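Subject: Structure handover

Dear colleague,

Here is the structure I said I would pass on. My notes on it follow below.

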Amino acid sequence: MTTETLVPVFAALGDETRWSILAALGEGDASASALAERLPVTRQAIAKHLAVLQVVGVVEPVRVGREVRYRVIGSQLSETARRLEAIGAEWDRRLAAIKEIAEGL
């Protein structure tokens, strides 16, 4: 996963409503209407937020009869988490080096 693909994911997940939608979908697939019943957001707003999450690849629509439900794409979120862990490990390495230099003074 490159920075070019990470930035849009972080931007999408940085919105509180989209984060709430993603958390709700973590409990199970749901339609925009079902999500609107659970969250303090209109169905139209939910649909727009779902479109953003779909564009960045963290949710996908699944047709169930006449209903369109959305589900989380776990592999994309796992890859994002792995990338964050790598960034965190690099910062830990840098901070340990700074600490070693500071303690050596």
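Buried here means under 20% relative accessible area, exposed means over 50%, and partly exposed covers what lies in between, with a 1.4 Å probe and protein chains only. By that scale Gly104 is exposed, because its relative accessible area is 62%.

The model is predicted, so local features need pLDDT of at least 70 and side-chain atom pairs count only at pLDDT 80 or more, while totals for chains, interfaces and linings use all residues. Residues are numbered from 1 along each chain as its sequence is written, and side-chain values use heavy atoms, with hydrogens and water left out.

The sheet

Helices (H or I, at least four residues) and strands (E, at least two) are DSSP runs, numbered from the N terminus. Two strands pair if DSSP finds at least two bridges between them. On that basis there is an open sheet of three strands in the order β1-β3-β2, with antiparallel pairing. β1 and β2 are the edge strands with a single partner strand each, so one side of each has no neighbour in the sheet.

Strands β2 (residues 59-64) and β3 (residues 67-72) run antiparallel and are joined by six bridges. Within this pairing, Pro61 stands opposite Tyr70, and Val64 has Glu67 as its bridge partner. The hairpin of β2 and β3 has two residues between the strands, and Gly65 takes a positive phi near 65° there.

On the other flank, two bridges join β1 to β3, again antiparallel. The bridge partner of Ala30 in β3 is Tyr70.

Ser31 belongs to β1 (residues 30-31). Why does Ser31 count as buried? Because its relative accessible area is 7%. Contact means heavy atoms within 4.5 Å; leaving aside neighbours within four places in sequence, Ser31 is in contact with Glu67, Val68 and Arg69. With Glu67 there is also a polar contact, side chain to side chain, at 3.5 Å. A polar contact is a pair of N or O atoms within 3.5 Å; within protein, one must be able to donate a hydrogen and the other to accept it, and residues adjacent in sequence count only if both atoms are side-chain atoms.

The helices

In helix α2 (residues 16-26) the buried residues are Arg18, Ile21, Leu22, Ala24 and Leu25. They lie on the same side of α2, because they cover an arc of only 160° around the axis, the arc being that of the directions from the helix axis to the C-beta atoms. Glu16, Trp19 and Gly26 are exposed on the other side of α2. At the start of α2, a side-chain oxygen of Asp15 comes to within 3.0 Å of the backbone nitrogen of Thr17. Just after α2, Gly28 has a positive phi of about 150°.

Thr5 is in helix α1 (residues 3-13) and is partly exposed, with a relative accessible area of 38%. Thr5 and Thr80 are 75 residues apart in sequence, and their C-alpha atoms are 9.3 Å apart in space.

Helix α5 (residues 74-104) contains Gly104. The C-alpha atoms of Gly104 and Ile73 are separated by 47 Å, at 31 residues apart along the chain. Ala102 also lies in α5 and is partly exposed, at 47% relative accessible area.

Rings

How many aromatic pairs does a search of the whole structure find? It finds zero. Rings of Phe, Tyr and Trp (its six-membered ring) pair if their centres lie within 6.5 Å; planes under 30 degrees apart count as stacked, over 60 as edge-to-face and the rest as tilted.

Arg94 lies over the face of Trp91, at 5.3 Å from the ring centre. A charge sits over a ring if NZ of Lys or CZ of Arg is within 6 Å of the ring centre and within 35 degrees of the ring normal.

Regards
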